[in-house]
Amino acid sequence: MAKSRRSRNKRNKSSSGIGTALTVIGAMALLIALVGAGVFLTINTEKEVALDKNSLCPKKGARGTVAVLMDTTDELALVTKNEVKDKILEIQRTLPRFYQVSVYTLNETGLNDKPVASICNPGRLDQRDELAQQGLTANPVLIERKYGEFESAILLAIDSVFEKEFSAKQSPLLASLKELSGVIPTPVDIDDAVYLAGKNKIVFVTDFLEHTEIFSNYRSGLNFEEFQNSRATEKFGKSYNDLEFELLMVRRNIEGFSTLDLAQFWGKVFKKEFKTSIRSLKILSGEL
């Protein structure tokens with residue numbers, strides 16, 4: 001009888017030992033899995049970039065700037081304003097992360113060098129890595145909230161410009177362009193892996209009817225020789241090779257030449273006199 005009890009005790013101790021060993025092995029496996037998951041997340045988590053709370057730009061600066069220059073020297077029709085807003089929305093949708101949109105205006109005295117708004121794209125959720133999109137390494141709600149701030153700031157800026165009356169005695173377009181090219185900040189690298197410095201762009205919304213004492217399309221029409229003989233090249237000449245240059249041209253009903261003729265004239269001026277090219281040109285359909 002005593003022998004039987006001793007056998008049962010040995011079996012119980014043996015079973016207990018195996019159970020303890022299995023528990024330890026299980027705990028170690030769990031610990032290894034947790035450490036592995038932690039290492040995986042650490043390696044694959046996108047490095048957070050410190051942002052300025054007002055501009056939403058990296059504290060180091062923006063990777064590039066899209067400067068929208070609004071010519072407010074002549075009134076725009078409602079349909080043209082809507083075309084411009086649609087273009088701004090397109091710019092926002094395609095803007096890379098950590099690029100900046102700045103909205104400037106010009107009037108009869110020249111460029112207003114303080115932008116109406118200037119804000120960076122902090123990144124939509126679909127511009128973040130997969131782990132952030134899944135909510136494992138970032139807060140998707142916070143990401144979308146910051147992106148919403150970026151979207152609304154630019155649209156509010158455009159609306160505030162359109163609410164004002166457009167009128168002026170002269171249109172210093174070339175002077176404003178030259179000045180703006182000098183105030184746009186130089187693009188910077190945010191890191192060496194993904195967010196490299198890009199190239200600045202000016203999107204110019206204008207009828208491109210230059211009208212100053214130095215040169216005027218109203219006086220000289222599209223006479224290229226008169227432009228060459230004026231002081232315009234000396235005064236406003238500049239190469240824009242460090243910029244991408246896009247023109248949204250407002251159609252005007254001007255006697256003697258068409259908007260397309262005017263666009264070709266300025267294309268020739270920029271190529272021959274300023275040694276640069278207008279990369280993209282679109283004639284807005286709204287004005288008659």
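Which helix holds the place of Lys271? I looked this up first. Lys271 sits in helix H9, which covers residues 259–272. I am working from a predicted model throughout.

**Entry: the lysine patch**

I checked the surface around Lys271 next. Lys268, Lys271, Lys272 and Lys275 form a patch of positive charge there. Is Lys271 buried or exposed? Its relative accessibility is 59%, and the cut-off for exposed is over 50%, so Lys271 counts as exposed.

**Entry: the chain as a whole**

I stepped back to the totals. I count 9 helices and 6 strands in the protein chain. The chain has 288 residues, and 41% of them are buried. Its accessible surface is about 15800 Å². Carbon and sulfur atoms account for 53% of that surface. I then took the contacts between residues at least 6 apart in sequence. Of these, 78% join residues at least 24 apart.

**Entry: salt bridges**

Side chains of opposite charge can pair when their charged atoms come close. How many salt bridges does a search of the whole structure find? The search returns 7. I went through several of them.

I began with Glu75 and Lys81. Their side chains form a salt bridge, with N to O at 3.5 Å. Glu75 is partly exposed, at 35% relative accessible area. Lys81 is buried, at 13%.

I moved on to Asp159 and Lys85. This salt bridge has an N to O distance of 2.8 Å. Asp159 belongs to helix H4 (residues 140–162) and Lys85 to helix H2 (residues 78–94), so the bridge ties together parts that lie 74 residues apart in sequence. I looked up the accessibility of both. Asp159 has a relative accessible area of 28% and is partly exposed. Lys85 is also partly exposed, at 24%.

Then I opened the Asp207 and Arg252 pair. What separates their closest N and O atoms? The distance is 3.1 Å, and the pair forms a salt bridge. Asp207 is in the loop between strand E4 (200–206) and helix H6 (217–220), while Arg252 is in the loop between strand E5 (243–250) and H9, so this pair links parts 45 residues apart in sequence. Both Asp207 and Arg252 are buried.

I also noted a network.

**Entry: Val103**

I picked a residue in strand E2, which runs over residues 99–107. Val103 lies in that strand. Is Val103 buried or exposed? Its relative accessibility is 0%, which is under the 20% cut-off, so Val103 counts as buried.

I listed the contacts of Val103, leaving aside neighbours within four places in sequence. Val68 and Met70 are among them. The list also has Pro115, Val116 and Ala117. Ile154, Ala157 and Ile158 complete it. I checked Ala117 by C-alpha distance as well. Val103 and Ala117 are 14 residues apart along the chain, and their C-alpha atoms are 5.4 Å apart.

**Entry: positive phi**

Most residues other than glycine have a negative phi. I looked for departures from this.

Leu56 has a positive phi of about 60°. It is placed in the loop between helix H1 (2–44) and strand E1 (64–71). Leu56 is buried, with a relative accessible area of 4%.

Phe208 also has a positive phi, near 55°. Where does Phe208 lie? I found it in the loop between E4 and H6. Phe208 has 0% relative accessibility and counts as buried.

**Entry: Lys282**

My last stop was strand E6, residues 280–284. Lys282 lies in E6. It is partly exposed, with a relative accessible area of 48%. Which residues does Lys282 contact, apart from neighbours within four places in sequence? I find Leu247, Leu248 and Met249. I also took one distance from Lys282 to Ala263. The two are 19 residues apart along the chain, with their C-alpha atoms separated by 9.4 Å.

Definitions and conventions
Residues are numbered from 1 along each chain as its sequence is written. This is a predicted model: local features need pLDDT of at least 70, side-chain atom pairs count only at pLDDT 80 or more; totals for chains, interfaces and linings use all residues. Side-chain values use heavy atoms; hydrogens and water are left out. Helices (H or I, at least four residues) and strands (E, at least two) are DSSP runs, numbered from the N terminus. Buried means under 20% relative accessible area, exposed over 50%, partly exposed in between (1.4 Å probe, protein chains only). Contact means heavy atoms within 4.5 Å. Accessible areas come from the Shrake-Rupley method with a 1.4 Å probe; for residues, only the protein chains shown count as cover. Patches are made of residues with over 30% relative accessible area and no salt bridge: like charges are joined within 9 Å, nonpolar side chains (Val, Leu, Ile, Met, Phe, Trp, Tyr) within 5 Å. A salt bridge is a side-chain nitrogen of Lys or Arg within 4 Å of a carboxyl oxygen of Asp or Glu. Lys and Arg count as positive and Asp and Glu as negative; His and the chain ends are not counted. The place of a charge is taken as NZ of Lys, CZ of Arg, CG of Asp or CD of Glu.
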